Amino acid sequence: MVHLSPHIDVEVVVPVYNEAAQVRAHVERLRRWLDEAVAFTAEVTVVDNASTDDTMAIVSDLASSTPGITAVHLERKGRGGAIRQAWMRSDATVVAYMDVDLSTDLAALGPLVEPLLRDEHDLAVGSRRLPGSQVSRGARRELISRGYLAIAHVALGTRITDLQCGFKAMRTKAARDLLPEVADDEWFFDTELLVLAERRGLRITEVPVTWVDDPDTRVRVLSTAWKDLQGVERLRRRR
Ligand SMILES: Nc1nc2c(ncn2[C@@H]2O[C@H](COP(=O)(O)OP(=O)(O)O)[C@@H](O)[C@H]2O)c(=O)[nH]1
Ligand SMILES: [Mg+2]
């Protein structure tokens, strides 16, 4: 017998690494939001890499007890690689990702993916730096983020107002074409994805988000900022 799975509009990927404390509550909240508050059909895929705490056990349990949630485990660490793998194998019309801390208010999810479902854009970028955005964030991260953005604007000529917000979506077909070009598997993945999309002339839209920073972070801020600068230099030379 042939089983045809029903078509899914949006696959929302949630990369997680050592998130045992919040993964269950936040993924459940996301699933409820998708069931109750949006007009499209959606699947949630939680992708763990090499967590050393109970994250994978919690996520597996959640996936087996909740329709519309899938758990994936990868051996190699790196948030970008996790997003790439999950996006590449999706059958949905649109692929999205968001950080598990739900720093971005879920109200922005509809405005993020709906223009893509209508085929008006290829890539939608959550931004904390548009007139409609609202952000509460610590001074240190804000300063590093602004400095990085200024450098990326000058060195790469990008016009996107926020490269690093953990809230983005793409038409799956455009993602499949572009992702093999994106080399970074960690935090620079986002910048590289956006800059290569701009260079290819993809249709990009930015969506203002309300962001409440979660100070619990997996990012080693200074070492990541250094890797980001090396990534900027690599992309600049590639132009
Ligand atoms: N799959 C995967 N997810 C990761 C990895 N590192 C971080 N994450 C996830 O990426 C998201 C953003 O991380 P977070 O620490 O909140 O970053 P920040 O908001 O920039 O401080 C969270 O959902 C993390 O669990 C990793 O190596 N693999
Ligand atoms: Mg965070």
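**Conventions.** I am working with a predicted model, in which local features need pLDDT of at least 70, side-chain atom pairs count only at pLDDT 80 or more, and totals for chains, interfaces and linings use all residues. Residues are numbered from 1 along each chain as its sequence is written, while chains are lettered from A and ligands numbered from 1 in the order in which they are written.

**Helix H8.** I took helices (H or I, at least four residues) and strands (E, at least two) as DSSP runs, numbered from the N terminus. H8, residues 221-238, has 18 residues and reaches 25 Å from its first C-alpha to its last, close to the 26 Å expected at 1.5 Å a residue, the expected span being 1.5 Å times one less than the number of residues. I called a residue buried if 20 or more other C-beta atoms, placed from the backbone, lie within 10 Å of its own, exposed if 12 or fewer, and partly exposed in between. By that rule Asp228, Gly231, Val232 and Leu235 are buried in H8. They cover an arc of only 105° around the axis, which puts them on the same side of H8; the arc is that of the directions from the helix axis to the C-beta atoms. On the other side, I found Leu222, Ser223, Trp226, Gln230 and Arg237 exposed. With contact defined as C-beta atoms, placed from the backbone, within 7 Å, the buried residues of H8 pack against H5 (139-156) and H7 (189-199).

**Helix H7.** I looked at H7 next: 8 of its 11 residues are buried, so it is largely enclosed by the rest of the structure. Its buried residues, including Phe189, Asp190 and Glu192, pack against H3, E5 (123-127), H5, H6 (172-178), E8 (204-208) and H8.

**Ligand 1.** Taking as near any residue whose C-beta atom, placed from the backbone, lies within 6 Å, I noted that of the 20 residues around ligand 1, Pro15, Tyr17, Ala82, Thr217 and Arg218 come nearest. The elements giving two or more residues to this shell are E1 (10-16), E2 (42-49) and H3 (79-88), and the largest share, 3 residues, comes from E2.

**Loop.** Ala107 is found between E4 (94-98) and H4 (109-117), and I noted that it is exposed, with 11 other C-beta atoms within 10 Å.

Key. Two residues are in contact if their C-beta atoms, placed from the backbone, lie within 7 Å.
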